[in-house]
Amino acid sequence: MVGAPDRDGLAPWLSRAVLRNGPLGGLIALVVVMAVLSRDFLNGQNLLNVGVQASVTAILAFGVTFVIVSAGIDLSVGSVAALSATVVAWAATGEGLPVWTAVLLGLAVGAASGLVSGALVAYGKLPAFIATLAMLSVGRGLALVISGGSPIAFPDTVAALGDTLGGWLPVPVLVMIVMGLVAALILARTYSGRAMFAIGGNEEAARLSGINVKRRKLVIYALSGLFAAVAGIVLAARLTSAQPQAATGYELDAIAAVVIGGASLSGGSGKASGTLIGALILAVLRNGLNLLSVSAFWQQVATGLVIALAVLLDTLRRRSAR
């Protein structure tokens, strides 16, 4: 049969197939294991819960994918998410602005936060780790200042993003799908997407080929901040309030989802579908462990092991490619 490996080449072929499709294979294997261990796992309502649990992390991770593809890192997305949601609630509830004006303001704050991080990286020559770590602190601090350290009621109109359609389809899942399609379109069909891969592959070569690397980095981090703002609004809608301490630690989950999904921390590779699979793996793992009444402490251990395995597979995949 054409394309089928002979017996001597079967092992290398299987190895390459596993490495190329590791995230999807891992997700399928994890679903099978959880279905065997818990009869409630494949319940329709529980599977929708998994989607809801994955939604905020996935939306954050789609934005982080842009940064990691370009060989950067963004530690600020959790704080930017909380800040953006707080601005929406403060503007609509506290200041009486029209709801959609408040939402646009929150999205603008997210994009502006990313833009500042991008400027520090591109023009200030700060390492991305330091620049976004600083924005993590600034964003969280501003959220606390604006809210006075207390939750702010979220406008009912926007809170509908945390509800369901038809009484069964969660809106956060729909938002996740839409943002995933937007991320996939940007990565695959736009000049900015191609520039991200070029910069992540070899920044100097990208510059010599005519790409304005500094300007592209501004766009990349602004997109990450914008996606973080959307994630923050969805999270606040689910909680029916904007909480300044919300999304704490979510930046690590977002980075983990991107890496588990097959993106390389050294840049130059990654895709939105892989990031979605990574977020689903984390959600399935946590949901299944909850159903099995596993301690939250052991859940952290399991998550860490999954991340380590994903990075190991990434290393093996790059060695295989070479």
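Mentor: Helices here are DSSP runs of H or I with at least four residues, strands are E runs of at least two, and both are numbered from the N terminus. We're looking at a predicted model, where local features need pLDDT of at least 70 and side-chain atom pairs count only at pLDDT 80 or more, while totals for chains, interfaces and linings use all residues. Residues are numbered from 1 along each chain as its sequence is written, and side-chain values use heavy atoms, with hydrogens and water left out.

Trainee: Okay, how many helices and strands are there in the chain?

Mentor: Both kinds of element turn up in the chain. The count is 14 helices and four strands.

Trainee: What is the radius of gyration of the chain?

Mentor: The radius is taken over C-alpha atoms, and the globule rule is 2.2 Å times the number of residues to the power 0.38. For 322 residues that rule gives 20 Å, and the chain comes close to it, so the chain is as compact as a globular protein of that length. The radius of gyration of the chain is 20 Å.

Trainee: Among contacts between residues at least 6 apart in sequence, what percentage join residues at least 24 apart?

Mentor: A contact means heavy atoms within 4.5 Å. For pairs at least 6 apart in sequence, the share joining residues at least 24 apart is 77%.

Trainee: Is Ser76 buried or exposed?

Mentor: Ser76 is found in the loop between H3 and H4. The classes go by relative accessible area: buried is under 20%, exposed is over 50%, and partly exposed is in between (1.4 Å probe, protein chains only). With a relative accessible area of 3%, Ser76 is buried.

Trainee: Which side chain makes a polar contact with the side chain of Ser76?

Mentor: A polar contact is a pair of N or O atoms within 3.5 Å; within protein, one must be able to donate a hydrogen and the other to accept it, and residues adjacent in sequence count only if both atoms are side-chain atoms. Leaving out residues up to four places away in sequence, Ser76 touches Ser117, Thr132, Met135 and Leu136. The polar contact, at 2.6 Å, is with the side chain of Asp74.

Trainee: Where is the place of Ser224?

Mentor: Ser224 counts as buried at 0% relative accessibility. Not counting residues up to four places away in sequence, Ser224 touches Asp74, along with Gly63, Val64, Val67 and Val77. The place of Ser224 is in helix H11.

Trainee: What is the phi of Ala71 near?

Mentor: Most residues other than glycine have a negative phi. Ala71, in the loop between helix H3 (44-69) and helix H4 (77-94), has a positive one. At 41% relative accessibility, this alanine counts as partly exposed. Phi of Ala71 is near 70°.

Trainee: And what is the phi of Thr240 near?

Mentor: Thr240 lies in the loop between helix H11 (213-239) and S4. Its phi is a positive value in a residue other than glycine, near 60°.

Trainee: How many residues of H12 are buried?

Mentor: Among the buried residues of H12 are Glu251, Asp253 and Ile260. H12 is mostly covered, and the buried count out of its eleven residues is nine.

Trainee: Which backbone oxygen lies 2.7 Å from a polar atom of the side chain of Thr248?

Mentor: Thr248 lies in the loop between strand S4 (241-242) and helix H12 (250-260). Its C-alpha atom is 9.0 Å from that of Arg140, although the two residues are 108 residues apart along the chain. The backbone oxygen at 2.7 Å belongs to Gln245.
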